[in-house]
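Please study the sequence and the model before reading each solution.

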Amino acid sequence: MAFTHVLIPLDGSELSQRVLAPLRSLLGADEVGSVTLLRVLDDSDDEAAASAQLEPLVGLLSASGVEATRRVVKGDPSEEILRVADEL
């Protein structure tokens with residue numbers, strides 16, 4: 001297994017979700033152990049809506065046989081991505 005854990009920051013756009021297609025090809029080769037989909041929000045954004053938007057993506061990855069989770073946090077994107085990466 002080449003990667004034990006992959007953190008994928010997404011901004012909620014359809015374009016950002018396209019990263020999952022190449023990842024799925026890696027999944028077929030058993031190259032990825034687990035995946036965390038991360039969405040970083042502004043203070044005014046709705047966490048429940050962002051989490052709901054990630055749920056089908058988690059399901060898609062899970063159906064491919066990979067352990068997938070979602071995480072939604074608020075704050076500065078660059079700081080939060082680094083913080084979450086450090087936690088993983």
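**Exercise 1: An acidic patch**

Asp 42 lies in the loop that runs between strand E2 (32-41) and helix H3 (47-63); helices (H or I, at least four residues) and strands (E, at least two) are DSSP runs, numbered from the N terminus. The model is predicted, so that local features need pLDDT of at least 70 and side-chain atom pairs count only at pLDDT 80 or more, while totals for chains, interfaces and linings use all residues. Residues are numbered from 1 along each chain as its sequence is written, and side-chain values use heavy atoms, with hydrogens and water left out.

Task: State which residues form a negative surface patch.

Solution. Step 1: Asp 42 has a relative accessible area of 48% and is therefore partly exposed (buried means under 20%, exposed over 50%, partly exposed in between, with a 1.4 Å probe and protein chains only). Step 2: The patch consists of Asp 42, Asp 43, Asp 45, Asp 46 and Glu 47. Patch residues have over 30% relative accessible area and no salt bridge, like charges being joined within 9 Å and nonpolar side chains (Val, Leu, Ile, Met, Phe, Trp, Tyr) within 5 Å.

**Exercise 2: A network of charges**

Task: Trace the salt bridges made by Arg 83 with Glu 80 and with Glu 87.

Solution. Step 1: Arg 83 meets Glu 80 at 2.6 Å, N to O. Both are in helix H4 (residues 77-87), and because they are 3 residues apart, about one helical turn separates them. Step 2: Arg 83 also meets Glu 87 at 2.5 Å, N to O, with 4 residues, about one helical turn, between their positions in helix H4. Step 3: Glu 80 is buried at 12% relative accessibility, whereas Arg 83 is partly exposed at 32%. Step 4: Arg 71, Glu 80, Arg 83 and Glu 87 are linked in a network of salt bridges.

Technical notes: Areas by Shrake-Rupley, 256 points an atom, 1.4 Å probe, with all protein chains shown as cover. Salt bridge = Lys/Arg side-chain N within 4 Å of Asp/Glu carboxyl O. Lys, Arg positive; Asp, Glu negative; His and termini not counted. Charge placed at Lys NZ, Arg CZ, Asp CG, Glu CD.
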